[in-house]
Amino acid sequence: RLIIMVDEFEKIEEGIKEGKLDAQLLDFWRGVIQTYPWFVMVFAGLHTLQEMTRDYWHPLFGSITGVPVSFLRDEAATRLITQPTADFDIDYDADAIAEIIRLTHGQPYLVQLLCHCLVTRFNRQSFEEGVERARRFSLADVEAVINTPEFYRDGDAYFTGVWKQAETGEAKGQQQILGALAHSGTNVPTTGMSTAELVQQTGLAPENVQRALEVLKRHDVVTTTDDSWHFTVELMRRWVAQKQ
């Protein structure tokens with residue numbers, strides 16, 4: 001097999017619209033894929049195929065399977081946290097693991113980023129500052145890491161990517177909604193804002209708010225419980241709150 005992965009495949013459409021790419025490129029790829037079973041292409045991006053705007057995508061993707069990539073389940077996230085490699089020899093307190101999962105909602109990049117920052121801090125304390133400490137991460141360690149400016153700086157690619165997607169998305173007002181939700185409380189089912197509250201807070205038309213919420217939910221940025229909307233990822237809420 002030869003597998004070619006194209007990340008941010010939405011850029012292809014931008015190139016076609018700007019005249020930098022020929023739309024026949026998609027026909028060529030379709031022909032290659034159908035002719036050679038050993039040739040595989042993987043298109044990864046923020047948008048679903050249904051969100052692509054031009055008909056020239058349909059011949060290529062008509063017979064291709066879409067695979068949603070979402071959050072890790074708690075069991076998988078726990079394994080990633082505690083056993084990133086077979087020889088990983090630092091333990092975690094149970095409440096530290098639970099807090100990492102709560103803050104990230106199992107978002108794989110953020111789980112790995114947070115754990116990487118924990119290990120980096122541990123190494124700095126142990127080998128540079130001469131601090132004697134147990135080879136174990138506690139809830140205090142997690143809180144210390146996420147309360148540093150460096151954490152959000154290192155995760156800027158993720159946070160900025162979600163924010164810009166909301167800015168340029170198909171539904172207007174997404175950033176205004178995220179800004180309002182960022183100050184509505186922590187990410188637990190008992191907090192958040194209703195659709196009516198978001199209309200009042202943002203000043204947007206009800207139909208605009210509803211449309212924006214649908215897009216944000218489809219992209220896993222927000223979720224709802226009994227018409228109470230809140231961020232899916234608590235760390236994203238904190239980043240937006242700091243930005244506002």
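Close-up 1. The model shown is a predicted one, in which local features need pLDDT of at least 70 and side-chain atom pairs count only at pLDDT 80 or more, while totals for chains, interfaces and linings use all residues. Residues are numbered from 1 along each chain as its sequence is written, and side-chain values use heavy atoms, with hydrogens and water left out. Arg237 belongs to helix H13; helices (H or I, at least four residues) and strands (E, at least two) are DSSP runs numbered from the N terminus. A polar atom of the Arg237 side chain lies 2.6 Å from the backbone oxygen of Ala182.

**Close-up 2. Helix H10 and what covers it.** Seven of the nine residues of H10 are buried, so that this helix is mostly covered. The buried residues are Gln174, Ile177, Leu178, Gly179, Ala180, Leu181 and Ala182. Their cover includes helix H9 (156-168), H11, H12, strand E5 (222-225), E6 and helix H13 (234-243), with contact taken as heavy atoms within 4.5 Å.

Close-up 3. In H11 (residues 195-202), the buried residues are Thr195, Leu198 and Thr202. Seen down the helix axis, these buried residues fall within an arc of 55 degrees, and they therefore line one face of H11; the arc is that of the directions from the helix axis to the C-beta atoms. Helix H10 (174-182), helix H12 (206-218) and strand E6 (228-231) are the elements against which the buried residues of H11 pack, whereas the face turned away from the buried side carries the exposed residues Ala196, Gln200 and Gln201. After H11 comes Gly203, which has a positive phi, near 75 degrees.

**Close-up 4. The largest nonpolar core and another core apart from it.** The largest nonpolar core has 51 residues, and those with the most contacts inside it are Leu114, Phe151 and Leu235; such a core is a set of buried Ala, Val, Leu, Ile, Met, Phe, Trp, Tyr and Cys residues joined through side-chain atoms within 4.5 Å. Helix H6 (residues 108-128) gives the most to this core, with eight residues. Leaving aside residues up to four places away in sequence, Leu114 touches Ile100, Leu103, Thr104, Val142, Val145, Ile146, Phe151 and Leu235. Another core, of 14 residues, lies apart from the largest one, and among its members are Trp29, Val32, Phe39 and Phe43.

Close-up 5. Tyr92 and Phe137 form an edge-to-face pair, with 5.1 Å centre to centre and 65 degrees between the planes. Because Tyr92 lies in strand E3 (residues 91-92) and Phe137 in strand E4 (residues 136-137), their pair ties together parts that are 45 residues apart in sequence. Tyr92 is buried at 7% relative accessibility, and Phe137 is buried with a relative accessible area of 1%. One aromatic cluster is formed by Tyr109, Phe151, Tyr152, Tyr158, Phe159, Trp163 and Trp239.

Conventions
Buried < 20%, exposed > 50% of the residue type's maximum accessible area, 1.4 Å probe, protein only. Polar contact = N/O pair within 3.5 Å; in protein donor to acceptor, adjacent residues only side chain to side chain. Phe/Tyr/Trp six-rings, centres within 6.5 Å; stacked < 30°, edge-to-face > 60°.
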